[in-house]
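Student: I have a model open on my screen, and I would like a close look at a single part of it. Please walk me through that part slowly.

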Amino acid sequence: EAADTAAESQTALTKAQERIAELEASQKAEQDATKENTAKLEARIKELEAADTAAESQTALTKAQERIAELEASQKAEQDATKENTAKLEARIKELEAADTAA
């Protein structure tokens, strides 16, 4: 029974570690995508700033700045969610390690 419990704990620990890796990879991908989108928007802002029609530029610039703010908020929310999930998984790993040690 102790061997079964240890094996189950090890399996659960491995799965939790794999999930942490998945969450970290997801967070990195989200950050990379957000950085790429932000860079594109900033490039577009520069184009608009150089445009002849000030009113059109200002409207487009405002929209681009709003989109950057949305992307940054989305990135922050994704990071916060990933940190929360990672913390939960790390706590579960500690529980499993403690149970494994006790067994």
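Student: What percentage of the 103 residues in the protein chain do buried residues make up? Please also take a close look at the contact of helix 1 with helix 2.

Tutor: Happy to! Buried residues make up 23% of the 103 residues in the protein chain, where buried means under 20% relative accessible area, exposed means over 50%, and partly exposed lies in between (1.4 Å probe, protein chains only). This is a predicted model, in which local features need pLDDT of at least 70 and side-chain atom pairs count only at pLDDT 80 or more, while totals for chains, interfaces and linings use all residues. Residues are numbered from 1 along each chain as its sequence is written, and side-chain values use heavy atoms, with hydrogens and water left out.

Let's begin with the whole chain. The protein chain has two helices and zero strands; these are DSSP runs numbered from the N terminus (helices are H or I, at least four residues; strands are E, at least two). Along its principal axes, the C-alpha trace spans about 80 × 15 × 10 Å. The radius of gyration is 23 Å, whereas a compact globule of 103 residues would have one near 13 Å (taken over C-alpha atoms, with a globule rule of 2.2 Å times the number of residues to the power 0.38).

Now for the pair itself. Helix 1 and helix 2 pack at an angle of about 170°, with their axes 9 Å apart. Axes are lines fitted to C-alpha atoms, for helices over the stretch in contact, and angles run from 0 to 180 degrees between N-to-C directions. By class, the contact of helix 1 with helix 2 has 17 nonpolar, 16 polar and ten charged residues. Here Ala, Val, Leu, Ile, Met, Phe, Trp, Tyr, Cys and Pro count as nonpolar, Asp, Glu, Lys and Arg as charged, and the others, Gly among them, as polar.

Next, look for the largest nonpolar core: Leu13, Ala16, Ile20, Leu23, Leu89, Ile93 and Leu96. Such a core is a set of buried Ala, Val, Leu, Ile, Met, Phe, Trp, Tyr and Cys residues joined through side-chain atoms within 4.5 Å. Helix 1 (2-49) and helix 2 (54-102) each give two or more residues to this core, and helix 1 gives the most, with four. Apart from it lies another core of six residues, including Leu41, Ile45, Ile68 and Leu71.

Leu96, in helix 2, is buried at 7% and is in contact with Ser9, Ala12 and Leu13. Thr86, also in helix 2, is buried at 11% and touches Ile20 and Leu23. The C-alpha atoms of Thr86 and Leu23 are separated by 7.3 Å, with the residues 63 apart along the chain.

Finally, find two glutamines. Gln31 is in helix 1, while Gln79 is in helix 2. Gln31 is buried at 18%, and Gln79 is buried with a relative accessible area of 18%. Gln79 touches Gln27 and Gln31, and Gln31 touches Gln75 and Gln79.

Terms used
Contact = heavy atoms within 4.5 Å. Lists of a residue's contacts leave out its neighbours within four places in sequence.
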